[in-house]
Amino acid sequence: MRIIDHWIGGKLTAESSSRASAVYNPATGRPQAEVRLASTDDVGVAVATARGAFAEWSQSSLSKRTKVLFAFRELVNQHLDEFAALITDEHGKVLSDARGEVQRGLEVVEFACGVPTLLKGDFSDQVSTGVDLYSFRAPLGVVAGITPFNFPAMVPMWMYPIAIACGNAFVLKPSERDPSASLLAAELWQQAGLPDGVFNVVHGDKEAVDALLDHPDVAAVSFVGSTPIARYIHTRGTANGKRVQALGGAKNHAVVLPDADLDYASDHLVAAAFGSAGERCMAISATVAIGGAADALAEAVSAKARAVKVGSGRDKESEMGPVVTAAARDRIVGLIGSGEQQGARLLVDGRALVVPGFEDGFFVGPTVIDQVTPEMEVYREEIFGPVLSVLRADNVDEAISLINSNPYGNGTAIFTSSGEAARRFQRGVNVGMIGINVPIPVPMAYYSFGGWKDSLFGDKHVHGPEGVSFYTRAKVVTSRWPHVEQSIGASLQFPTAS
Ligand code: NAD
């Protein structure tokens, strides 16, 4: 069995890890590798290595950093297919979708290539006679990223390009379910000329995460994953004095008004609900049909859901692959059953799907459940699978209040031809990312990404300007260069401008 090692100080290493965990190919349902699970001591080695590298990297010029970032950008672009294959084989998503996630990650690298502009400070001349005032931002030190299985390349890329561009050293703890994309990124950083030790990868589970949260030399933690773990990371990390941004789970609603183009809306709903088998934090998992739109919408979405081609992610014909593990499949199947038991109508049932040649794969077919109400488990839980619930509301205000009653606030969308309804919606919902006739409103890298409420703990969103702010802290300098002959009297009074 292939062993997946840590990457510390510019090389693969087993360190002292004695535990390991199986990495499956979700399409075949069979284990294909074993990933090491770091001990607290292993994490200590990675952090000490990063701390050593930080001393030099934080002093490197902006020109040098920019050159490394541009080289990394080129290398990731050249290795796009290799990234996509690693992602498909460990996550299960189809190759075209895996390429798409790398491309979206690459946009953050491109944003970070502008680091000289991003780190420009402010300068105020002559704030008092002979006195200037200016500010600039300094890196934090060693920063850690803890990431989920569902975007094994893109989510880490939300973090490390900006952290590294800003002069920090990075320790990444990727998901133990699909760890290989992070190691390819590590090799490419080295080829790009990044000094060894600035980017490290430790694989692991709770033990590794806790070691990062407790280590005194980790200055900040970026986390993306489920809400219970995000809450825990934020609580423990901030109790230890660290800066923490912890993005959690989601339940994203798409509201469809009767004035929307039904064909357009149902096409986009199906893509947003079943792309990546619904394992996207921005997937649409609940659609709220307003008034007369409901029956026709449920029918259109069901017809299109039945037509989705499900198969191995390696098969170019497939539009949707398996879910990540057998446990995920069983949980999703159980939740679909609970919807049926609690009185919802199963319009399309993906539970019994078998893909020929991949009988042991972790497949669940697209599923549409109608007549869902807010008390049902299928609505309350983040299913994180290919399941679309259809709810009904009388008007936009009722839909807004439904969305605002939900504990999550990651993304949401409205389909309408009314500007007035769209504006009312964007102003009314307590959600971080909003789409108007756009079902998956993931902002470009030069804006920041993040949700509200239980979808984000901490006050900074990831990448974009808030990412730069998260990975740096400000220094403000007040300076005076008196002439030798100039006499400037000192006073015990609190200084004021003159
Ligand atoms: P997860 O919370 O199970 O795992 C995320 C990370 O936390 C992994 O690295 C994992 O090893 C670690 N972890 C797991 N259990 C832990 C524990 N008890 N203590 C410490 N660390 C632990 O999430 P997942 O299943 O990998 O990913 C899916 C979840 O991520 C979904 O809820 C999805 O909505 C969310 N997600 C959110 C966003 C966002 O932007 N808000 C983006 C992607 C995924």
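Predicted model: local features only at pLDDT ≥ 70, side-chain atom pairs only at ≥ 80, totals over all residues.
Start with location. The ligand is found in the largest pocket. Among the secondary-structure elements, helix H8 (206-214) and strand S11 (218-224) are the ones that each give two or more residues to the shell around the ligand. Zoom out to the domain level and you get a two-sided picture: domain 1 (2-248 + 455-477) and domain 2 (252-436) both give residues to that shell, so the ligand lies between them.

Now for the neighbours. There are 28 residues around the ligand, and the ones that come nearest are Lys173, Glu176, Ser226, Gly248 and Glu382. By residue class, the shell splits into 14 nonpolar, 9 polar and 5 charged.

| Residue | Atom on the residue | Atom on the ligand | Distance |
|---|---|---|---|
| Glu176 | polar side-chain atom | oxygen atom | 2.7 Å |
| Arg177 | polar side-chain atom | oxygen atom | 3.4 Å |
| Glu382 | polar side-chain atom | oxygen atom | 2.6 Å |

How much of the ligand's accessible area does the protein cover? On its own the ligand has 840 Å² of it, and the protein covers 89% of that.

Two of the residues in the table, Glu176 and Glu382, also turn up in the list of those that come nearest to the ligand. Their polar side-chain atoms lie 2.7 Å and 2.6 Å from a ligand oxygen atom, respectively.

Definitions and conventions. Residues numbered from 1 in each chain as written. Heavy atoms only, no water. Near = heavy atom within 4 Å. Polar contact = N/O pair within 3.5 Å; in protein donor to acceptor, adjacent residues only side chain to side chain. Areas by Shrake-Rupley, 256 points an atom, 1.4 Å probe, with all protein chains shown as cover. 1 Å grid on protein atoms, 1.4 Å probe; cavity = no way out; pocket = protein on both sides within 12 Å on 5 of 7 lines; lining within 4 Å. Sits in = over half its atoms within 2 Å of the grid points. Helix = DSSP H or I, 4+ residues; strand = E, 2+ residues; numbered from the N terminus. Nonpolar A, V, L, I, M, F, W, Y, C, P; charged D, E, K, R; others polar. Domains from an automatic or database assignment.
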